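Below is a briefing on one predicted model. The points are grouped by topic.

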Amino acid sequence: MAPRRNIGDFDASGSDIERDWVERTDCWERVERVLLTDGQVREYQLPPAEGKRDDPRWPGFARRYGFDLDRPVQWEVEALEPAELERLVMEAVDGYIDREALAQVMADEEQQRARLARILGQQQDG
């Protein structure tokens, strides 16, 4: 079974979502974070926001990534430019798209639109 893909903020709670999802749902063996990751934060040089001091996950998160324990920080996925955010999401799901099925659905939708346009045209003429 393919892993579930996850998008979320890079913060103490967000980094625990994958583990929590697998544990609570019992429907996925693993969850893979697509974004926002530590590497993406560094690559795009995203600005940090103040983190939540009362988040019990902060100390472990800070130690794991080498952050100052006394200065909680977080990064919002919305800090990425919208076009880049879209590109990264599409890149992450591209390998799971059945191109033949997608083409058939799109062709069916186009036929449905044409039929609806004919019906609407007949109603307006009549």
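Leaving aside neighbours within four places in sequence, Leu35 is in contact (heavy atoms within 4.5 Å) with Asn6, Ile7, Gly8, Gln40, Val77, Leu80, Leu85, Leu88 and Val89. The model is predicted, with local features needing pLDDT of at least 70 and side-chain atom pairs counting only at pLDDT 80 or more, while totals for chains, interfaces and linings use all residues. Residues are numbered from 1 along each chain as its sequence is written, and side-chain values use heavy atoms, with hydrogens and water left out.

- Leu35 lies in strand 2; helices (H or I, at least four residues) and strands (E, at least two) are DSSP runs, numbered from the N terminus.
- Leu35 has a relative accessible area of 0% and is therefore buried; buried means under 20% relative accessible area, exposed over 50%, and partly exposed in between, with a 1.4 Å probe and protein chains only.
- The C-alpha atoms of Leu35 and Thr25 are separated by 21 Å, with the two residues 10 apart along the chain.

**Pairing of strands 1 and 2**

- Strand 1 (residues 4-7) and strand 2 run parallel and are joined by 4 bridges; two strands pair if DSSP finds at least two bridges between them.
- Ile7 has Leu35 in strand 2 as its bridge partner, and Asn6 stands opposite Arg33 in that strand.
- From strand 1 the chain passes through helix 1 (residues 17-25) to strand 2, in a right-handed β-α-β crossover. Right-handed means that, with the strands pointing away from the viewer, the path from the first strand over the helix to the second runs clockwise.
- Glu18 has its place in helix 1 and counts as buried at 11% relative accessibility.

**Nonpolar core and Phe67**

- The largest nonpolar core has 17 residues, and those with the most contacts inside it are Phe10, Leu35, Leu36, Trp58, Phe67 and Trp75. Such a core is a set of buried Ala, Val, Leu, Ile, Met, Phe, Trp, Tyr and Cys residues joined through side-chain atoms within 4.5 Å.
- At least two residues of this core come from each of strand 2, helix 3 (58-65) and helix 4 (82-93).
- Helix 3 gives the most to this core, with 3 residues.
- Phe67 is found in the loop between helix 3 and strand 4 (73-74), and at 19% relative accessibility Phe67 counts as buried.
- Not counting residues up to four places away in sequence, Phe67 touches Phe10, Arg42, Trp58, Phe61, Ala62, Val73 and Trp75.
- Phe67 and Leu36 are 31 residues apart in sequence and 17 Å apart in space, C-alpha to C-alpha.

**Backbone geometry**

- Most residues other than glycine have a negative phi, and most peptide bonds are trans.
- The peptide bond from Leu35 to Leu36 is cis, with omega near 10°; Leu36 belongs to the loop between strand 2 and helix 2 (38-43).
- Asp26 is not a glycine, yet has a positive phi of about 55°.
- Asp26 sits in the loop between helix 1 and strand 2 and counts as exposed at 70% relative accessibility.
- Gln45, also not a glycine, has a positive phi of about 50°.
- Gln45 sits in the loop between helix 2 and strand 3 (49-50) and counts as exposed at 68% relative accessibility.

**Helix 5**

- Helix 5 (residues 99-125) has 27 residues and should span 39 Å at 1.5 Å a residue; its end C-alpha atoms are 39 Å apart, which agrees. The expected span is 1.5 Å times one less than the number of residues.
- Asp98 caps the N-terminal end of helix 5, with a side-chain oxygen 3.1 Å from the backbone nitrogen of Glu100. A polar contact is a pair of N or O atoms within 3.5 Å; within protein, one must be able to donate a hydrogen and the other to accept it, and residues adjacent in sequence count only if both atoms are side-chain atoms.
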